[in-house]
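Colleague: I would like a close look at a single part of this model. Please take me through the packing there.

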Amino acid sequence: AALETMDEDFRVVLVLRGQYAEARRVLEVALEQLEARSLPQHAAACRVHLLPALAGIGDWAGVDAHYGLGVAMLLQLDQVDPALGASAQLAGDLAAAAQPERARKLYELALRQFRLLGMSEEIGAVRLRLAQLPYEGE
């Protein structure tokens with residue numbers, strides 16, 4: 001558990017500082033270790049926490065891959081955590097200008113996490129961001 005907590009704290013610092021490439025490197029190493037140790041809940045969370053790092057460097061194929069696997073794992077494991085919602089929301093913020101449809105999916109992931117946790121303030125903030133996104137073709 002110490003490894004997961006340390007990686008989580010380090011990820012937060014790197015992402016908040018805008019060091020997306022370094023955050024990606026750290027999280028990809030952590031993901032490999034978590035998968036090798038058969039820790040699916042931590043691996044699912046790690047995939048979601050990778051999303052803002054990938055969006056921050058414009059790796060949209062990576063966002064799509066980790067989003068797809070991460071969401072499938074979260075649903076299968078029935079996993080809910082405010083940090084997952086926060087990472088999805090941040091990834092949505094980073095994608096909003098260049099990739100509004102991807103941002104929409106990321107915000108919907110954040111919204112699902114926050115709804116399941118009853119976090120009304122966060123729900124309102126994500127709904128506002130969703131309402132401000134252009135639709136494809138606009």
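Which residues in α4 meet which residues in α6?

Modeller: First, the ground rules. This is a predicted model: local features need pLDDT of at least 70, side-chain atom pairs count only at pLDDT 80 or more, and totals for chains, interfaces and linings use all residues. Residues are numbered from 1 along each chain as its sequence is written, and side-chain values use heavy atoms, with hydrogens and water left out.

Now the contact itself. From α4 come Trp 60, Val 63, Asp 64, Tyr 67, Val 71, Leu 74 and Leu 75. They meet Arg 102, Lys 105, Leu 106, Leu 109, Arg 112 and Gln 113 in α6. Contact means heavy atoms within 4.5 Å. Helices (H or I, at least four residues) and strands (E, at least two) are DSSP runs, numbered from the N terminus.

Next, the geometry. Helix α4 spans residues 60–77. Its axis and that of α6 come within 11 Å and cross at roughly 25°. That makes α4 roughly parallel to α6. Axes are lines fitted to C-alpha atoms, for helices over the stretch in contact, and angles run from 0 to 180 degrees between N-to-C directions. Angles under 35 degrees count as roughly parallel, over 145 as roughly antiparallel, 65 to 115 as roughly perpendicular and the rest as oblique. α4 passes α6 in a left-handed crossing. Left-handed means that the near helix is turned anticlockwise from the far one by less than a right angle; clockwise is right-handed.

α4 has another partner, α3 (residues 40–56). The axes of α3 and α4 come within 8 Å and cross at roughly 150°. α3 is therefore roughly antiparallel to α4. This crossing is left-handed too. On the α3 side, the contact includes Ala 44, Val 48, Leu 51 and Ala 55. On the α4 side, it includes Gly 62, His 66, Gly 70 and Met 73. Trp 60, Val 63, Tyr 67 and Leu 74 of α4 are also among the residues in the contact with α3.

α6 leads on to α7. α6 (100–117) and α5 (82–95) are among the elements that cover the buried residues of α7. Those buried residues are Ile 123, Val 126 and Leu 130. They lie on the same side of α7, because they cover an arc of only 70° around the axis. The arc is that of the directions from the helix axis to the C-beta atoms. On the other side, Glu 121, Leu 128, Ala 131 and Gln 132 are exposed. Buried means under 20% relative accessible area, exposed over 50%, partly exposed in between (1.4 Å probe, protein chains only).

As for the whole, the protein chain has seven helices and zero strands. Buried residues make up 43% of its 138 residues.
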